[in-house]
Amino acid sequence: MNTLKNLILLVTIITMNTIFAQQKDPCRYIKTPSGYLMVLRQGDDVLAHIENLAKAENTPSASFTGIGFAAEVTFGFYDFKAKKFNPKTFKKVEMGSLTGSIAWNEKDPSIHLHGIATDEKFNAFGGHILSLHVGTGSMEIYITVNDKKLERKVEQPLNANVLQLNCP
């Protein structure tokens, strides 16, 4: 009898977990007159959410700014000789400033993001952001959409992904 009760309890737990997993993710952004306001929560991958918004809304190009608390941010300093980013990760920091742009790289969005982070001692770190995950609380990102589609292409000899302008 105890085994049957445990089996029923296990099936109930698995069923409830499946139902909760299938529920729609809570709203992460709303439309504004100039673009979107995105509010991300603890654990959210900032770059992935911005990329997903660009795809879902077919955003031609945009600029964005933001603030909030980060569980973890990885900055990259570009080594021009090696033609790659040297990464450094910081945990539990306040993102005092985020600024970036959305363009396209062939068929996918290309996110370019920089920021400034401070720790509990008010030491500041900054530069190109390779990855960013929201910490306790939230992160607010204000996205201003442009009407022209912009693209990025890798340019040599630096092997850098550069925003392209179609000048007349």
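# A walk through the model

Helices (H or I, at least four residues) and strands (E, at least two) are DSSP runs, numbered from the N terminus. Before you click further, know that this is a predicted model, in which local features need pLDDT of at least 70 and side-chain atom pairs count only at pLDDT 80 or more, while totals for chains, interfaces and linings use all residues. Residues are numbered from 1 along each chain as its sequence is written, and side-chain values use heavy atoms, with hydrogens and water left out.

Now turn on a surface. The protein chain exposes about 11,000 Å², and carbon and sulfur atoms supply 59% of that area; accessible areas come from the Shrake-Rupley method with a 1.4 Å probe, and for residues only the protein chains shown count as cover. Of the 168 residues, 29% are buried. Here buried means under 20% relative accessible area, exposed over 50%, and partly exposed in between (1.4 Å probe, protein chains only).

**Stop 1: helix α2.** Select residues 46–56. Which residues of this helix are buried? They are Val46, Leu47, His49, Ile50, Leu53 and Ala54. Look down the axis of α2 and these residues fall within an arc of 165 degrees, so they line one face of the helix. The arc is taken from the directions from the helix axis to the C-beta atoms.

Next, zoom in on the N-terminal end of α2. Aspartate 45 caps it, with a side-chain oxygen 3.2 Å from the backbone nitrogen of leucine 47. A polar contact is a pair of N or O atoms within 3.5 Å; within protein, one must be able to donate a hydrogen and the other to accept it, and residues adjacent in sequence count only if both atoms are side-chain atoms. Just after the helix, pick asparagine 58, which has a positive phi of about 50 degrees.

**Stop 2: strand β3.** Select residues 61–79 and pick valine 73, which sits in this strand. Valine 73 counts as buried because its relative accessibility is 0%. Leaving aside neighbours within four places in sequence, its contacts (heavy atoms within 4.5 Å) include Phe90, Met95, Ala117 and Ile129. Lysine 88 is 15 residues away in sequence, with 8.4 Å from C-alpha to C-alpha.

Stay in β3 and move to serine 61. Serine 61 is buried too, at 1% relative accessible area. A polar atom of its side chain lies 2.6 Å from the backbone oxygen of lysine 148. Show its other contacts as well, among them Ile102, Thr144 and Leu150.

Stop 3: Select residues 151–155 and 160–164. These strands pair in the antiparallel sense over 5 bridges; two strands pair if DSSP finds at least two bridges between them. Click arginine 152 and then leucine 163, its bridge partner in β8. The hairpin has 4 residues between the strands, and asparagine 159 takes a positive phi near 65 degrees.

Are cysteine 27 and cysteine 167 buried or exposed? Cysteine 27 counts as exposed at 58% relative accessibility, and cysteine 167 is exposed at 62%. The structure holds 0 disulfides, a disulfide being a pair of cysteine sulfur atoms within 2.5 Å.
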